[in-house]
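Please keep the sequence and the 3D view open as you read.

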Amino acid sequence: MSAEATNPATPGPVTGPAARWRARIDLRRLGRAALLGPAARDRLPDAIGHVAEAHRAHHPDADLEPLRRAWVLAESSHRGQMRKSGEPYITHPLAVTLILAELGAETTTLTASLLHDTVEDTDVTLDQVGEEFGAEVRYLVDGVTKLEKVDYGAAAEPETFRKMLKATGSDVRVMSIKLADRLHNMRTLGVMRPEKQARIAKVTRDVLIPLAERLGVQALKTELEDLVFAILHPEEYEHTRELIVDNASRADDPLAEVADEVRAVLRDADIQAEVVIRPRHFVSVHRAARKRGQLRGADFGRLLVLVNEDADCYGVLGELHTCLTPVVSEFKDFIAVPKFNLYQSLHTAVARPDGQVAEVLIRTHQMHKVAEAGVIALGNPYAPPSEEPVDGEREDPTRPGWLSRLLDWQEAAPDPDTFWSTLREDLAQDREITVFRPDGGTLGLPDGATCVDAAYAQYGEDAHACIGARVNGRLATLSTVLRDGDTVQLLMGQDPASEPSREWLEHAHTPAARIAIQRWIATHPSHEQPREADETAEREVAPRAAAEAQVADGPALRPGGAEVLVDQPGATARLAGCCTPVPPDDITGFAVRGGVVTVHRVECAAVARMTQAGRTEVGVRWGETAGCRVTLFAESFGRPHLLADLTEAMALEGAEIVSATVEPPSQQRVRHSYTVELPDAALLPALMRAMRNVPGVYDVGRAQTTSA
């Protein structure tokens with residue numbers, strides 16, 4: 001039931017797959033038929049014939065007997081009840097069920113939908129529903145009944161909505177029924193007072209539409225958006241409607257012309273595909289007008305190309321980019337990396353000679369079904385009905401990752417107000433990015449998320465020990481904003497007493513991160529000034545480093561180094577400080593004043609410069625002496641006792657520190673340089689590994705400057 005097909009104000013006929021969504025049924029007529037009572041047990045009542053027909057279109061082998069029995073119970077229970085619009089009340093559960101049937105919901109969901117108001121508004125009990133229809137239907141009806149109690153204005157109460165979310169998370173089909181229920185109520189909202197219409201529309205806008213987006217139910221989301229738009233912004237809605245009507249009255253249709261070109265291209269390429277025009281719904285047109293200003297014919301819709309196989313999607317893309325003029329900046333691949341709400345499709349755009357740009361969506365028929373119906377298209381994602389729910393909870397193996405996270409942090413929220421504010425922030429995010437872990441895994445994060453958010457998404461509260469990150473292989477601060485496709489390696493400290501910084505709250509955008517940090521701060525009142533403590537720790541680093549460097553350079557230290565043999569009689573070898581060669585490095589030499597030959601690593605930048613300048617190389621080679629002197633640099637994050645731990649690790653590997661230099665901390669990062677003597681050059685790899693294993697140290701390498 002796409003918004004384009006069901007909105008009567010949308011001009012023009014609906015063709016292609018969209019035409020499969022049924023036009024609205026005359027529910028008044030069906031309601032009058034319902035008052036005549038149920039039909040014989042051997043056939044379906046006429047009133048639900050449309051539901052059965054829509055259901056069989058998606059599930060040809062479905063058993064319709066539960067629907068017949070649910071109709072009998074619902075109709076008899078609601079008999080005599082009327083809606084405010086004057087229709088028999090039974091038309092409401094009937095309409096909700098028809099909406100879900102057209103979206104492809106399975107039989108259990110439709111059965112619960114027919115009964116969703118019986119426990120709340122009639123004498124039917126949950127036990128009766130369970131005895132007649134089983135535990136699964138009972139569970140869904142109970143969940144929807146709980147949601148009814150938090151409807152409209154009450155949904156703005158944090159603790160009540162928290163319970164609503166918990167019921168939803170236990171079974172996403174509960175929210176599917178709730179969304180269809182809200183859609184039908186919004187369609188018939190005109191009988192209520194304007195102030196109540198506005199109140200209901202605002203809750204729908206703030207909570208239910210974002211939830212529909214995250215469940216992937218675009219067919220419900222788009223029509224709900226249009227209905228809310230009409231109530232809360234009637235003047236802009238009317239202006240948008242006039243734009244759509246004016247465009248429909250145009251003699252030419254650029255989208256139709258592009259569609260014909262696309263069909264011809266795919267026909268020549270022997271690719272079987274269905275090409276249809278999908279008009280934009282009202283809110284989409286309104287957004288396009290605000291973004292682009294003057295709208296042109298191609299801005300009022302998109303082309304949808306439907307194929308049979310995933311590979312055909314890329315085949316279509318290749319043909320369009322080869323035979324038409326692609327707008328490369330508009331290309332997005334949501335097949336290789338699906339959206340967080342299960343959505344898959346290729347997005348591209350082609351330009352016409354007159355400058356108009358036509359957007360093109362390419363997907364398989366199955367992808368299209370999921371794009372329209374989201375989690376509803378998954379059918380029954382749960383274990384067989386014989387497995388009873390345990391304490392009202394169960395695992396949902398198919399629920400989107402964001403809902404799993406939502407359920408986790410709603411349990412951890414320290415208070416209802418924190419939960420509500422973070423929920424609203426999370427639902428307000430209209431885009432999610434995907435970042436990759438070094439092990440090949442992925443993290444789904446909202447647009448604008450930082451390394452702090454990635455840490456808590458991956459490690460939960462263990463992220464308190466995170467001290468830095470690498471983004472795309474480069475060291476980065478935790479405040480770094482991540483982009484779609486980044487690779488993030490989180491650097492974890494080993495200190496069990498690690499604690500988060502209050503500053504992290506400024507960089508945390510996800511509820512999981514904010515709640516975990518806030519909860520830690522609330523339970524550690526003695527750490528109310530972590531920033532001052534961090535600054536004190538940073539100030540401690542530089543003085544200690546300077547002191548250690550002075551001791552290292554003192555007169556008690558003996559010089560040393562590996563023996564180098566020079567192919568020049570009487571010459572003395574001196575190891576170059578720019579690249580600090582050690583055995584078994586490939587080396588070369590250059591003569592300087594005083595009969596001295598400086599020895600460089602072959603790959604040293606100074607070697608290339610001196611060779612280009614015409615300097616003559618002198619042959620040098622390592623002698624029998626195994627000892628060596630080498631300069632190493634290390635890069636780390638500042639923390640107390642870091643230098644003590646690092647120098648201790650170096651000493652345990654047999655390294656004698658000749659000199660040391662430690663730069664003042666900059667953005668939590670500290671650079672060190674150590675010149676050390678080793679009794680055997682073969683110990684160098686082990687020394688460098690030991691230095692890297694010190695918590696907080698993440699880069700260790702040989703010194704090599706670019707100076708001559």
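1. What is the relative accessible area of R519? Keep in mind that this is a predicted model. R519 has a relative accessible area of 31%. Buried means under 20% and exposed means over 50%, so R519 counts as partly exposed.

2. Now look at the partner of R519. The side chains of R519 and E461 meet in a salt bridge, at 2.1 Å from N to O. E461 sits in the loop between α21 (451-459) and β9 (466-471), while R519 sits in helix α23 (residues 511-523), so this pair ties together parts that are 58 residues apart in sequence. E461 is partly exposed as well, with a relative accessible area of 37%.

3. Why can such pairs form? Side chains of opposite charge can pair when their charged atoms come close. The structure holds 29 salt bridges. The next two points take up some of them.

4. One of them joins D699 to R470, with the closest N and O atoms 3.1 Å apart. D699 belongs to strand β21 and R470 to strand β9, so the pair ties together parts that are 229 residues apart in sequence. D699 is partly exposed, at 25% relative accessible area. R470 has a relative accessibility of 15%, so R470 counts as buried.

5. K221 and E213 form another salt bridge. Their closest N and O atoms are 3.3 Å apart. Are these two residues buried or exposed? Both K221 and E213 are buried.

6. Next, the sheet that holds β21. Four strands form an open sheet, in the order β19-β20-β18-β21. The pairing is antiparallel. Which strands lie at the edges? They are β19 (656-662) and β21 (697-702), and each pairs on one side only. From one strand to the next, the twist averages 20°.

7. Take the pair β19 and β20 in detail. Strand β20 covers residues 669-678, and six bridges join it to β19. The two strands run antiparallel. E656 stands opposite E677 in β20.

8. Finally, find the helices that lie across these strands. Helix α26 (residues 642-652) lies across β18 (628-637), β19, β20 and β21. Helix α26 runs at about 25° to β20. Helix α27 (residues 684-692) lies across β18, β20 and β21. Helix α27 runs at about 155° to β21.

Key: Residues are numbered from 1 along each chain as its sequence is written. This is a predicted model: local features need pLDDT of at least 70, side-chain atom pairs count only at pLDDT 80 or more; totals for chains, interfaces and linings use all residues. Side-chain values use heavy atoms; hydrogens and water are left out. Two strands pair if DSSP finds at least two bridges between them. Axes are lines fitted to C-alpha atoms, for helices over the stretch in contact, and angles run from 0 to 180 degrees between N-to-C directions. Contact means heavy atoms within 4.5 Å. A salt bridge is a side-chain nitrogen of Lys or Arg within 4 Å of a carboxyl oxygen of Asp or Glu. Buried means under 20% relative accessible area, exposed over 50%, partly exposed in between (1.4 Å probe, protein chains only).
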